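Q: I would like to learn how to read helix packing, chain contacts and a ligand shell in a model. Please take the features one at a time.

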Amino acid sequence: MSAYAIEVSNLRVRVRGLDVLRGVDLKVRRNTILVIMGPSGSGKSTLLRTLNRLTDFIDGINVEGSVVVLGRDVFTIDPCELRRKVVLVSQEPNPFPHMTIFDNVALPAKLNGIARNKQELYEVVKWALEKVMLWDEVKNRLRDYPHSLSGGQRQRLCLARALAAKPEILLLDEPTANIDPSNTFKIEESLRELREELTIVMVTHMPHQAVRVADHVALLYDGIIVEEGPAKEVFMNPKNDITNKFLRGAI
Amino acid sequence: MFRSYFIRKLKNYLMLSLAIFVSVLAVIPLFSMLYMVIVEGGKVLLDAGLSFITELPPTPLSSSIGGVAPALLGSVLASTLAIAISGPIAFLVAFFVTEFKNSSFSKISEVVVRSFSGIPSIIVSMFVYSTVVMRMGTQSLFAGSLSLAIVALPYAYVYFTSAMKSIPESLREAAMSLGMSRFKALRYVYVGVSKKYILTGILMSYIKAFGETAPLLFTMGFLMNSVFAGFLQPSNALPILVFIYALSPYEVFHKVAWGATLLLIIIYLVLFSLARSLLKGVKL
Ligand SMILES: Nc1ncnc2c1ncn2[C@@H]1O[C@H](COP(=O)(O)OP(=O)(O)O)[C@@H](O)[C@H]1O
Ligand SMILES: [Mg+2]
């Protein structure tokens, strides 16, 4: 088994004539957290989506290059199977409005055969909600619907839903954009712990967050990775001028 | 200055009055018809009471009004069967057309289903007559339902398509990013998210089927001496009963026709307001 969970080489993505990714090379070690930074519009979300082929649903998209995830070429395997192992949490919270809080988290566990009975299902749901610091807030209203939750709570619910699928790779698109600072810190702590069990690729446009959670960072700028490396090195000693500017908040 | 302002006001006033006058003129026939149905039908319903929906129709010279039980039951059964046949087909086509919009199956079935709505319903009736009724040797509840199903199909399709389109892209993405196949997404997410639209579609197509007359003319037959004779036997339906009784020479049949018309309108209003209130409750 390769030491890398994700190996991307020369990835080029065009959407209706627009070059979104212009030759991306990227490797992510198993059980590490890679944070992809970059200004908005640089292609971060698109890069994340190519990793579990959510790009299939974008009209007029053209993807070239090689994407190997968990040792397999993503373009030759069943995309549903891929996405059960490589789960993405979108930037905007999108809980299922017709399902209770409990069922939102329970569904992926059921679909992926994580729990064999009600007791196990409850345990998985509780575990996932605890990991995202939501359990205490919702444990007395698991039968309520997500519309009764705040934006931040909904985002955490979606994170919990993804965790309950027990993925091997978690793709997070600005996961804490709607979440208040104290919960953000706690979630970041959870992510650090979760790293023992899975590989995380997280997108953010906030350098501070990358400092706190990343093992490795990559800076995406205009569809190209201009710098990547171990987080400490890149932050202490950026080699690229664009990285330097980005970290100082100049772009 | 003042003068032109006055003239403008006057012109505006005249045009407005004209518009109101024309609209009133347009709705007068509608309301006078409704008024007649309520007065004439109301008398019959009050007179007959509950027995109007439980009893058999009167004989031509009988003094009691009797009831429209065979027609009511026939209408309910035929419309239900029609929706049971056309609903799932319309739903699956709507699902395919919205989810796999580039496949040729989708493109073809979309055109076919939509073109159904352009076929005059009397032609549908003749088609079912020549294929089903001729073969089975008798008009029947089943043949009538089939005819209604064909007429209701494009209706249900349009409603189900809008149900599918009501699903926000973000929820589609949520389902897909958890690794659901399109069918799993349909089962666990799409149906639940759009269930009010789907129910509305079912109700509206049911209403459509309930009020249609022409599709039943050659197919359903007529039944008045028992409430129900079997699915493969002739049946009755409210619109057919109204059609036949209104043209008959007998006084008591005219009364039954008025009562049945009011009954149809009441059922229509109840189902319609149910559908409206369902749609109002839609929130995501
Ligand atoms: N579905 C799409 N349709 C059209 N353009 C898109 C689509 N997705 C992304 N793009 C374009 O690709 C570029 C990068 O977008 P994105 O990956 O969302 O960047 P980021 O997440 O870094 O803000 C943008 O210019 C955007 O307009
Ligand atoms: Mg983005």
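Q: At what angle do helix α3 and helix α4 of chain A pack, and how far apart are their axes?

A: Axes are lines fitted to C-alpha atoms, for helices over the stretch in contact, and angles run from 0 to 180 degrees between N-to-C directions. Helices (H or I, at least four residues) and strands (E, at least two) are DSSP runs, numbered from the N terminus. Here α3 (residues 101-111) and α4 (residues 118-131) of chain A pack at about 115°, with axes 9 Å apart. This is a predicted model: local features need pLDDT of at least 70, side-chain atom pairs count only at pLDDT 80 or more, and totals for chains, interfaces and linings use all residues. Residues are numbered from 1 along each chain as its sequence is written, and chains are lettered from A and ligands numbered from 1 in the order in which they are written.

Q: How are α3(A) and α4(A) oriented to each other, and what is the hand of the crossing?

A: Angles under 35 degrees count as roughly parallel, over 145 as roughly antiparallel, 65 to 115 as roughly perpendicular and the rest as oblique. α3(A) and α4(A) are therefore roughly perpendicular. A crossing is left-handed if the near helix is turned anticlockwise from the far one by less than a right angle, and right-handed if clockwise. α3(A) passes α4(A) in a right-handed crossing.

Q: Which residues of α3(A) and α4(A) meet?

A: Two residues are in contact if their C-beta atoms, placed from the backbone, lie within 7 Å. From α3(A) come A:Phe102, A:Val105, A:Ala106, A:Ala109 and A:Lys110, which meet A:Leu121, A:Val124, A:Val125, A:Ala128 and A:Leu129 of α4(A). For classes, Ala, Val, Leu, Ile, Met, Phe, Trp, Tyr, Cys and Pro count as nonpolar, Asp, Glu, Lys and Arg as charged, and the others, Gly among them, as polar. This contact has nine nonpolar, no polar and one charged residues.

Q: How do the axes of α4(A) and α6 of chain A cross?

A: The axes of α4(A) and α6 (residues 151-164) come within 8 Å and cross at roughly 135°. That makes α4(A) oblique to α6(A). Their crossing is right-handed. On α4(A) the contact is made by A:Val124, A:Val125, A:Ala128, A:Leu129 and A:Lys131, and on α6(A) by A:Ala160, A:Leu163 and A:Ala164. Its residues are seven nonpolar, no polar and one charged.

Q: At what angle do the axes of α11 and α12 of chain B cross?

A: Helix α11 (residues 238-247) and helix α12 (residues 251-280) of chain B have axes that come within 8 Å and cross at roughly 150°. The two are therefore roughly antiparallel. α11(B) passes α12(B) in a left-handed crossing. Residues that meet include B:Leu241 and B:Tyr245 of α11(B) and B:Phe253 and B:Ala257 of α12(B). By class the contact divides into 11 nonpolar, two polar and no charged.

Q: How many residues of chain B are in contact with chain A?

A: Contact between chains is read residue by residue: 16 residues of chain B touch 20 residues of chain A. On chain B, the elements giving two or more residues are α7 (169-177) and α8 (182-193). α7(B) gives the most, with six residues. The chain B side divides into nine nonpolar, five polar and two charged.

Q: Which elements give two or more residues to the shell around ligand 1?

A: A residue is near a molecule if its C-beta atom, placed from the backbone, lies within 6 Å of it. Among the residues that surround ligand 1 are A:Val15, A:Gly38, A:Lys44 and A:Ile58. The elements are β2 (18-29) and α1 (44-51) of chain A. α1(A) has the largest share, three residues. The shell has four nonpolar, seven polar and one charged residues.
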